[in-house]
Amino acid sequence: MRKTLQKQHSRTAGLALAPYSVWSLLFILVPLVFVAYYAFTDENFRFTTENITRFFTATSDLKGDDGTVREVHTYIVIFMRSLKLAAISTVICLLLGYPMAYIIARAKARTQKTLVTLIMIPMWMNFLIRTYAWMTILQDTGILNSITGVFGIKPLHIIGTETAVIIGMVYDYFPYMILPIYSIMAKMDLKLLEAARDLGCNGFGVLRRVIFPLSLPGVISGITMVLIPSISTFYISQKLGNGKFFLIGDAIEGQYIANNLHFAAAIAFILMVILLVAMGLVKYITAKLVYGGE
Amino acid sequence: MKMSSKIYTGLIMAFLFAPIAILLLFSFNDAKSLSVFSSFSLKWYKELLNDRNTLEAVKNTLILALSATAVSTVMGTAAAFGIHKIRKRWYRTVLNSVTNIPMINPDIITGISMMLVFVFVGRLFGAATSLNFWTLLIAHVTFCLPYVIFQVLPKLAQMDSSLTEAAQDLGCTPLRAFFKVTLPEIMPGIITGAIMAFTLSLDDFVISYFTSGNDFQTLPIRIYGMTKKTVTPKMYALATIIFFVTLTLLLVNNFVDNDDNRKLRNKNKNTNRKPAGAIMAGALAVVVIVAGVVIGFNKQKPLVLNVYNWGEYISDGSEDTFDTVREFEKWYEKEYGRKVTVNYTTFASNEDMYSKISSGAVSYDVIIPSDYMIARMKNENLLLPLDFKNIPNYKYIDNEFRGLYYDPENQYTVPYAYGIIGVIYNANEVDKADAGDWDLLWNEKYKNKILQFNNSRDAFGMAMYKLGLDVNSEDKKVWDKAHKELMKQRPLVYSLVMDEIYNMMESGEAAIGAYYAGDYFTMVDAQAEDVDLEFYYPERTNYYIDAMCVPTCCENKELAEIFINYMLSEEPAIANAEYTYYASPNKLVYENEGYIEEMGEKAMNILYGKSGGFAENYNKNAYHNLKPETLDYINTLWETFKIN
Amino acid sequence: MKKIIELKNISKAFDGEQVLTNISLDIHDNEFITLLGPSGCGKTTLLRMIGGFENPDEGDILFLGERLNDTPPHKRNINTVFQKYALFPHLNVFENVAFALRERKVPKDEIKEKVTEMLNLVMLGSFANRSVTSLSGGQQQRVAIARALISHPKVLLLDEPLGALDLKLRKDMQQELKKIQQSTGITFVFVTHDQEEALSMSDTIVVLNEGRIQQIGTPADIYNEPQNAFVADFIGESNIIDGIMLENYKVKFSGHTFDCLDKGFAHGEPVDVVVRPEDVDIVPVEKGEIKGTVTQVTFMGVHNEIIVDIGGFKWMIQTTDSVNVGENIGITLEPDAIHIMKKSEYSGMYGDYSSYSNELDELSDPGGDE
């Protein structure tokens, strides 16, 4: 009967964890194994690395702006393009979202709640419809140009450009940047800021040396929550990019639609590996940055 | 707040709410357009309330979101508690990493990977349908769980651990101590987690797209399915309603909450019962929802017909039209004395439908694909021969539409609608002299005013008709030529479109585009004042037929045939032809005087009047199924085209 | 007196580190017993074992003669006042106090009556509806006590309950606690690292260090008759000097033979000699039994605290005489000022004031057990 209490403790913990452990094994880990399995097999489920090699070796002719044609690696180009658009969107989200999160966190409790609510509301509207509405705003004869036209500004051509796709990504994933940063900032002890002031920091110094390092975990999860969906989106690029921006998400969906499940899985697998490794690295580096390493 | 902060907040809010304002505005638009506002009207709200399928989809979306939230909140909270208690460091690290995966993995990968597993398991157990409500629920719970866990964990860490000891000390069992003390303490985290889970589940499209089956269509999937036709303004009305409902709920919640806090501060009311009550209510809600879902599904068991069709491709009762599905259910019950439930779900493209069916993920009783896809499915033994004894109305199908290449023996298909691709142009911008053939879409004068299909077969098709190439060639060189022609057109093209063509043509955003004949009229109805849309058929163009078939995964073939037969009877056939604006192969339709009058002379001419017999033109110009190697090659060419 | 709790040969290790070693202790009915020791001595662990929050690796806990080891906390007729009170922040004062009664489904009227009575006892009658987070430290303390006492436990465990209060409040609460203990007749097991608190409140003190009991006794016993250098040093101030027992009642240290009241040692046995700073008499240097030089003088209000170098060993002496740094003084000791202890593992570790500084002592005052 010794150690019963400790046993009981770990038993409760085990009991509480049991459903989730089983669940995550079955529905998080096993599916990943399946992706890998499909990625490394052909349609008869024989082992092959062909799908993976195809990702890295398939080539296309790319016509440059000056009319010259050069041969490029199709999927590498697609991936880099997705990464570029997603990275720009993420940076914009961060630049716009960080001050917003700070403003909310410093507002009165009641205002905080209202603002957070307002930021969440658009997410309750279907994202397909929201994206659709942006088409109306951004097209050449759209709302935006009607408004700027009143002020005598030359019509802007936005729809179908990178700008439109980026606006769509920023819009759709913006709340995911604000919320995690806000929740970290709201918990921040005001005394710390006073202490920093006391120790001679000016306003910017407080931001740079105290607020920002402390909010870093929120920033990281914000970046994750914006970068990941925007790198893999296929709807926004279809609608706002006038179908001209073929991103990695479109490639996966395209292969799925074309019934090339194994190649779709291969693209997914490669994307997954890259993202998991990248995110793991980011986590590791921020842990070092924030806590000075262990 | 400082003034600068106020201004900044205002700008951000303007950004966040701009599209919602647009939806709000256009939900009151009389015309079916999201770019041209004609006059104020409440008709889309009326339409929405009469649209059983959309309301069903809304209900489904809510049921799914609530169930997923309930399950993930309970399981996630328990999991967070467990993770918090774990003393072994490596175990905690492993669990944390695994929990991170659904957050780090893109939706599309989560969706595909889960679909692979579900289909595998379904095959293992020999189930006709491996994707259904439960797989959808599992998928949603899976991606909601991390958000709950990562909201609850920090609250547990912040909590003074002696609180639970104090409760035990005062007579609580560990379990009761958890409910009476731990739970109220971590409640804010749980609530935030639950709200996030609900929000994510409500808004999810990608994962649902891969894991949903035939029995349960959510709103996002329904909307995505509308990409062949256009997203109806009903959806804007719906968005507007959702907006105001959530706004009210949240404001009320804020208000009530603040009221409570004030009470707590001033009057110091007894607050003991509140958290316990909330937990009880929450638990009860879980039970009710789960029970409701279970009962709901059991009730549907008796007789179910699963129909899979293009989005917006059936008369569905909107704008006072004939509600085909509901009328069939009524008719069937009257005729056979048995209740039948039709699960009507939609797809966005032939390929989309094919992927679902060929993966064995879902079973359907009636599908309505296009000709070349029928040929492919027949080759792959995915279709069942029909018993025409059950389809006497087949006699109304004209001989022109029988014995076509995809079904030469008339065994597998019953034509539903047919059409021809034509060119639509804005006569106010385009010189009529330039119109008449495919060259218009390659005319440099109209640079950045031209639209092209955003699907490979049709886009290549246009180039091939223009060049006089065989659209069914298995010769790679032929496709290379078409690809080259498309690349030539590429700098002129404003946008690659499917349903986006409606808005772009109606508003004058673009001036030239090829699309299915009947859709021209939908665009004319909504065209802006300074837009004058005209239509013509080029010399060679695509003829297609969409036909009703029964796939091998069908679970009730006779019922499927009864449905097909019903679709051929006068009232539904006319209603569907009028609704879709496509030509009907059914004599009961095109010989019906009421129909002819309703459509008008111009429409009848365009839809039915092209010179020469249908069969002759069709045999020359229809798409056929191609060999997998050729399809793969086209796909590669298409990707090359798209990345440019 | 009746034994209410018996601890028998209790040992406990956490992650291979021995926290408690072979502890045996009897706690009697109606007793105010204090577990005293520095941080990490195991006193809180011992208390938590009685409360049921830890299980011993070895040994038994008996409650009124019955084995209690496997009884979960909620089934023990023992309640705890936690270190930081552990008041439930989501409940108001009334509901915190009523918690145990609601748990036992006591009728509402009775709850109201009992809680009101209990709140009056701790002088918080008018605070029933206040949120606990709005109370001061002292008030929270009283709520915690009221909450723990409401179900009339046989034993009340108090884990450093006064640690977070300021000095004045602490003194008041000490008195109050003692009063409550006397009026309710409940056995109090009190954990503290503050020796003054222990001396002023307890019937019995248990001195713990490094997981072992050093001494059990009344406050007077512990103060006057410490059993080893650790206890002597930990309870009050002590000069602990190496000495040699010449014979019964004769001890030699610092080069002088003193008369003392201790006997029973072997002839010539090395011993530890304890001299309390207040027991030393300062005399002119020529009259001193031993002599030394003043190295430091600190004014303490009622007396001066001076450090005197006597043959390289620094003594602390409390005196009302005024002396100056550098002055040579003489010292005499009455026989009852001298206490002799057997040598122990702690010999030589304590009782030398060569590195003494008032401020440092204040700063390094241990704040809690954790």
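Chains B and C meet in a contact that takes 20 residues from chain B and 23 residues from chain C. This is a predicted model, and the predictor gives the complex an ipTM of 0.87 and a pTM of 0.79. On the side of chain B that touches chain C, helix 7 (162-169) and helix 8 (174-203) of chain B each supply at least two residues. Helix 7 of chain B provides the largest share of that side, 6 residues. Sorted by class, the side of chain B that touches chain C has 8 nonpolar, 8 polar and 4 charged residues.

Chain C has an average pLDDT of 87, and 96% of the residues score at least 70. Over residues 359-370 of chain C, however, the pLDDT is below 50; this stretch has 12 contacts in the model beyond near neighbours in sequence. Where pLDDT is low, the predicted coordinates should not be read in detail.

Chain B itself has 26 helices and 9 strands. Its radius of gyration is 28 Å, close to the 26 Å that the globule rule gives for 644 residues, so chain B is as compact as a globular protein of that length. Taken along the principal axes, the C-alpha atoms of chain B fill a box of roughly 90 × 65 × 50 Å.

Chain B also touches chain A, in a contact that takes 88 residues from chain A and 84 residues from chain B. Several elements of chain A give two or more residues to the side that touches chain B, among them helix 1 (4-39), strand 1 (59-63), helix 3 (74-106), helix 9 and helix 12 (261-291). Helix 1 of chain A gives the most, with 19 residues. By class, the side of chain A that touches chain B has 59 nonpolar, 20 polar and 9 charged residues.

Helix 9 of chain A, listed among the elements that touch chain B, also packs within its own chain. How do helix 8 (residues 190-198) and helix 9 (residues 203-232) of chain A cross? Their axes come within 10 Å and cross at roughly 130 degrees. The two helices of chain A, helix 8 and helix 9, are therefore oblique to each other, and their crossing is right-handed. From helix 8 of chain A, the contact is made by A:L192, A:L193, A:A196 and A:R197; from helix 9 of chain A, by A:V206, A:R209 and A:V210. Counted by class, this contact of helix 8 with helix 9 of chain A has 5 nonpolar, no polar and 2 charged residues.

Terms used
Residues are numbered from 1 along each chain as its sequence is written. Chains are lettered from A and ligands numbered from 1 in the order in which they are written. This is a predicted model: local features need pLDDT of at least 70, side-chain atom pairs count only at pLDDT 80 or more; totals for chains, interfaces and linings use all residues. Axes are lines fitted to C-alpha atoms, for helices over the stretch in contact, and angles run from 0 to 180 degrees between N-to-C directions. Helices (H or I, at least four residues) and strands (E, at least two) are DSSP runs, numbered from the N terminus. Angles under 35 degrees count as roughly parallel, over 145 as roughly antiparallel, 65 to 115 as roughly perpendicular and the rest as oblique. A crossing is left-handed if the near helix is turned anticlockwise from the far one by less than a right angle, and right-handed if clockwise. Two residues are in contact if their C-beta atoms, placed from the backbone, lie within 7 Å. Ala, Val, Leu, Ile, Met, Phe, Trp, Tyr, Cys and Pro count as nonpolar, Asp, Glu, Lys and Arg as charged, and the others, Gly among them, as polar. pLDDT is the predictor's confidence in each residue, from 0 to 100. The radius of gyration is taken over C-alpha atoms; the globule rule is 2.2 Å times the number of residues to the power 0.38.
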